[in-house]
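Have the sequence and the 3D view ready.

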Amino acid sequence: MATTIIPGKPPSDEVVRDFVARTEHHLRYSVGRRKTEASHEEVFRAIALAVREDLIDRMIETEERYQRHDAKRLYYLSIEFLLGRSLRESLCNLGLYDVCDIAAHEFGATLNDLLDIEPDAALGNGGLGRLAACFLESLASLGMPGFGYGINYEFGLFRQEIQNGAQREKPDHWLSYGSPWLIERRDRVYWVPVYGRMEQSLDTPGGPSPMWMDWKLLVGLPHDFPVAGYGGRTANYIRLFSARSSDEFDMDIFTQGDYIKAVQQKISTETISKVLYPSDMVAQGRELRLLQEYFLVGCALRDILRRYLAHQRGFDAFPDKVAVQLNDTHPALAVAELMRMLVDHHDVPWEKAWEIAQATFGYTNHTLLPEALEKWPLPLLENVLPRHLQIIYDINARFLEKVTKRWPNDLARMRRMSLVEEGTPKQVRMAHLSIVGSHSVNGVAFMHSELVKKTLVPDFAEMFPERFNNKTNGVTHRRWLLYSNPELAQQITKAIGPEWITDLRKLKALEPFAEDPAFQKEFLRVKKVNKQRLARLIWETTRLSAPADFLFDIHAKRIHEYKRQLLNVMHIIHLYFSITEDGKPLTVPRVFVFAGKAAPGYAKAKLIIRLINSVAAVVNQDAKANDQLRVAFVPDYRVSLAEYIMPAADISEQISTAGMEASGTGNMKFAMNGALTVGTLDGANVEIMEEVGRENIFIFGLTAEEIQKHRANWTYRPTELYSKNPHIKRVMDALLGNRFCPNEPGLFRPLADGILQHGDFYFHLADFDAYAATQELAAKEYTQPAAWARKAILNIARMGKFSSDRTIMEYAKEIWKIRRITDDKS
């Protein structure tokens, strides 16, 4: 039997029999297999289809409830939804987990067998997509009318393999066997125009008007992915669009007798939803990304307007019934598209349409990195979306008039604030379009939100101070604690009751237990069980033994220079040399665990993966060191792997260069599972420190302000640290030389040159000594199990702020103006 996750009474025999009967029905009539012949994969599919029946019932009941209340709805537009596996979450939220656990044995399987079969729905790249998934779960659990819009990518984020220490990308065809969760909506197909040219119509009332001519059509076929809230009362959905070819357009080619061209056109059209994030290193990839983004907003807004107009006449009430949140700049074209639909199709006057658009949209900024703020070249926009470019020009002209009135003769400010960036070619700044077209602009951690106002777009913050606000991220603690770490969840519930499941602030009641020796002992036992579980997975994937009595130091996130996996590896090299050359044993034996993917075109990040694996190969095979130091890179980081990793960590690495991480959510997941954070004062680390107490977190390194001053005044000189600090010099010499690449001389020199020859933009050497000292402090504290357990338990008890339920309630009250719709009296 699997560990019981949800506290409550055991299911009745009648409920179990009903579930078994429904599963048998789907096994025979949906899967086409007799019970005695069914494989575990087929049993999984049958069980999932039985669960889907309950999800659909809840979806229908939820929609009827929303309609009875004529509820305002939130639509969350995101290019990514990193959903992971859905069976366990659906079972738990619907109250069917124990039912299914018993029923699985009727089919010769265990529930854990079946849960591990489901492929991850990897429709996202990292934190952006996972946050969107957490938000949709919280919306449903809170009984709020909130729906996602995204793209139904046939191939999600690539599957990562490690060959000779290097990342190799393989296609992740998560839909190869179809998905039991997706509900196709052929009656909701939408047609989206692209390409073509503009002409002026001279015979329209009111004077000349623009006409979009000779466009081609994209066809969006929606699929609904149900999202059940905890308790099963509410089930919302994410509507994911697949691109299909237009039969009418194809027929025109067929009549010309060109079958091959027709087939090519079909393939070209359907490519739009084929793969997540095509490379924009080449022109065709960049054009495809633009088409994807417009395909998403074009389909979503047509669906939103259809639903609105089914119950309303005119658009005066639109902002009172509709809120649209732009999850970063990828859906920014929604601003221009809504204007186009209101002005061109519904004859709404421009000023009124603009008032409606601004009152409808909210924009969430997720990054301070300039390269992540999207810009589209004007020639590309003019080719793909000629009418939208006209609208953007019109928006910009009206906006700059207001800027000029506020700051006359300030041409520099006008250039900074313009939606169009001068250059060759000129480019449209999508962040500026999002800010101008929204009534709310939020960051995702207090520090990040302040930096957005002070350093990223200070002119806009000065012009629209009322628009800027903070909404610190959160995660759904039901997935990341209750379901991923059931033994710890049981321990918590036994101590303080189950109320924390729906209100994470109730964890505060756990604080007194941090002093309880018996509770500490049980916490450490559960942690060891989770470490043993991860150790088995590490062995299966890397053939490295990871003893559970070692300190598990885990760095799991997207590989990027600013996230500083390189600093972590440099410290590991330092520890290795301390053991093998200086004869200094470690204070506590450690296994360093890395997991994360590098973008396929990001050469430096991929080289860091090579370095991690090369260092691991040397350290793990060296008898002088491997009894106290081991290194593992676990391949193919994804949601289901994170659910193994988070509960097992003793130390959580959150060591980004200060001022560069917007928020982070892995830091929250690790801490609520009882890991202690080693981190910089960056992103949400600042607020985690404020909540858990400075004494219960390991903070090191330069602050964002100090780094900003160094950059502004050119006062940071990494070569001086290299020449004066023997520990740094020894590590850097190893990277400059061939210590970890004897068969490929000079392999890692680009990493060293980036630090010594190109200014160390991410301040690795500046923070090295502080990082090493903080790691040593953490190691010494780990030698005192009771004191360590106390700190870890206090981290858990003080994580109430970091539930996505809290985040959603703030968005709902302050930005979206939506409310809980739980029953007919609400």
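## Terms and ground rules

A residue is buried when its relative accessible area is under 20%, exposed when over 50%, and partly exposed in between (1.4 Å probe, protein chains only). Helices (H or I, at least four residues) and strands (E, at least two) are DSSP runs, numbered from the N terminus.

This is a predicted model, in which local features need pLDDT of at least 70 and side-chain atom pairs count only at pLDDT 80 or more, while totals for chains, interfaces and linings use all residues. Residues are numbered from 1 along each chain as its sequence is written, and side-chain values use heavy atoms, with hydrogens and water left out.

## A covered strand

Start with strand 2, residues 81–84. Both of its faces are covered. Phe81 and Leu83 are buried on one side, and Leu82 and Gly84 are buried on the other.

Strand 2 has a partner. Two strands pair if DSSP finds at least two bridges between them. Here three bridges join strand 2 to strand 3 (residues 121–123), and the two run antiparallel. One of the links pairs Phe81 with Leu123 in strand 3.

## An enclosed helix

Now look at helix 4, residues 97–105. Seven of its nine residues are buried, so the rest of the structure largely encloses it. The buried ones are Tyr97, Asp98, Val99, Cys100, Asp101, Ala103 and Ala104.

What do the buried residues of helix 4 pack against? They have contacts (heavy atoms within 4.5 Å) with helix 1 (13–29), helix 2 (40–69), helix 3 and helix 5 (111–115).

## Charged pairs

A salt bridge is a side-chain nitrogen of Lys or Arg within 4 Å of a carboxyl oxygen of Asp or Glu. By this rule the count is 66. Asp303 and Arg239 form one of them, at 2.9 Å from N to O. Asp303 sits in helix 9 (residues 283–309) and Arg239 in strand 12 (residues 235–244), so the pair ties together parts that are 64 residues apart in sequence. Asp303 counts as buried because its relative accessibility is 0%. Arg239 is buried too, at 4%.

Glu661 and Lys563 make another salt bridge, with their closest N and O atoms 2.9 Å apart. Glu661 lies in the loop between strand 23 (651–654) and helix 25 (666–672), and Lys563 in the loop between strand 20 (551–556) and helix 22 (565–580), so this pair ties together parts 98 residues apart in sequence. Both residues are buried.

In a further pair, the closest N and O atoms of Lys597 and Asp636 are 3.0 Å apart. Lys597 is in the loop between strand 21 (590–595) and helix 23 (603–621), and Asp636 is in the loop between strand 22 (629–633) and helix 24 (639–645), 39 residues apart. Lys597 is buried at 10% relative accessibility. Asp636 is buried at 13%. Some salt bridges share partners: Arg185, Asp224, Arg239, Asp303, Arg306 and Arg307 are joined into one network.

On a 1 Å grid over the protein atoms alone, a cavity is a set of points where a 1.4 Å probe fits but cannot get out, and lining residues have an atom within 4 Å of a point. Grid points are joined across faces, edges and corners, and a volume is the space filled by probe spheres set on the points.

How many cavities of 30 Å³ or more does the structure hold? It holds two. Helix 3 (87–94), helix 6 (127–141) and strand 11 (216–228) each supply at least two lining residues.

The second largest cavity holds about 60 Å³ of space. Its lining includes Lys557, Gln654, Asp682 and Glu661, and Glu661 is also the salt-bridge partner of Lys563.

Key: On a 1 Å grid over the protein atoms alone, a cavity is a set of points where a 1.4 Å probe fits but cannot get out, and a pocket is an open set with protein on both sides within 12 Å along at least five of seven lines; lining residues have an atom within 4 Å of a point.
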